[in-house]
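Reader: I would like to go through the terms used for this model. Please set each value against its definition.

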Amino acid sequence: MKKLIVNGDDYGLNEHNSKAIAQAFAEGLISSATMMANGEYFEQAVELARERGFIGSIGIHLNLTEGEPLTEDIKRCPRFVTDGRFNKKYNRTHPLRSDEKSAIEKELSAQVGKISGAGIKITHADSHHHIHTGVFVAPIAARVCRENGIDKMRLHRNLGKISPFKRFVKNKYNKWLHKQGFKTTKYFAYVVDLGDDCAPDDTEIMVHPDYDKSGELIDRRGTDGGVPFGEKIPLYTRDEQTSLRGYSQL
């Protein structure tokens, strides 16, 4: 039996995204989700997960690029924050000053603490805009996760069309992640990386459940005038030889 993880990113970010993730769970389209501790819908999303029965399938979506930070020190780091909000400008290849490293560690620790404090046992970690794979943020994210008992983490993407240089960088990160003692799937991909092919066994597939302008459940690929657009989330279990699992089963 081929086993896949389909993860819904950005849980708690806002109301429509969170409700779309809850619907995707109910329809068997996803098997896990990762939560943004600083999302505007955080408290309601916690209650929604309890009501719908997927409270045990939630990881953390580490975030340094969107919304309002939870801690004060990072607000004094203009590379990350403008006018009290993350500014989406961080270059993952840019070295960090010591004060920035300290501020990032405090912020990520606070995000873990907020989710754990809400009664959620964090199953795994990934990140908004993949910041946990950045060469200078990666060691901080790994340390915060280890210190909080989080031993599973998302890989760098290793399926689909990837240039030779990027594939080298991604593979190097993935090997480093394993050396740090984290459990992972064998592969990680976006839906578009798979095309018409079936995902190989032991793959995590990332989706962003949301609603388009007609109210249909989609995998959000972007927005047009603030309105999400995308394609339907594939039902990967239509193949009798494929089943979904969560990170807690990894």
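Reader: Which residue stands opposite methionine 35 in S3?

Author: Isoleucine 60 does. This is a predicted model, where local features need pLDDT of at least 70, side-chain atom pairs count only at pLDDT 80 or more, and totals for chains, interfaces and linings use all residues. Residues are numbered from 1 along each chain as its sequence is written, and side-chain values use heavy atoms, without hydrogens and water.

Reader: What makes S2 and S3 a pair?

Author: Two strands pair if DSSP finds at least two bridges between them. Strand S2 (residues 32-35) and S3 have 3 bridges, in the parallel sense. Strands (E, at least two residues) and helices (H or I, at least four) are DSSP runs, numbered from the N terminus.

Reader: Why is strand S3 called mostly covered?

Author: Buried means under 20% relative accessible area, with exposed over 50% and partly exposed in between (1.4 Å probe, protein chains only). In S3 (residues 58-62), 5 of its 5 residues are buried.

Reader: Why does leucine 177 count as buried?

Author: Its relative accessibility is 0%, so leucine 177 counts as buried. Leucine 177 is in helix H5 (residues 164-179). Contact means heavy atoms within 4.5 Å. Leucine 177 touches Met153, Arg154, Leu155, Phe182 and Thr184, leaving aside residues up to four places away in sequence.

Reader: Why are H3 and H4 called oblique?

Author: The axes of helix H3 (residues 98-117) and helix H4 (residues 138-147) cross at roughly 40° and come within 10 Å. Axes are lines fitted to C-alpha atoms, for helices over the stretch in contact, and angles run from 0 to 180 degrees between N-to-C directions. Under 35 degrees is roughly parallel, over 145 roughly antiparallel, 65 to 115 roughly perpendicular, and the rest oblique. H3 and H4 are therefore oblique to each other.

Reader: Which residues of H3 and H4 meet?

Author: Lys101, Ile104, Glu105, Leu108, Ser109 and Val112 in H3 meet Ile140, Ala141, Arg143, Val144 and Glu147 in H4.

Reader: What makes S9 and S11 edge strands?

Author: The open sheet has 3 strands in the order S9-S10-S11, with antiparallel pairing. Strand S9 (209-211) and strand S11 (227-231) each have a single partner strand, so one side of each lacks a neighbour in the sheet. The twist averages 60° from one strand to the next.

Reader: How do you know that S9 pairs with S10?

Author: S9 and strand S10 (residues 217-224) share 3 bridges, in the antiparallel sense. Proline 209 stands opposite aspartate 219 in S10.
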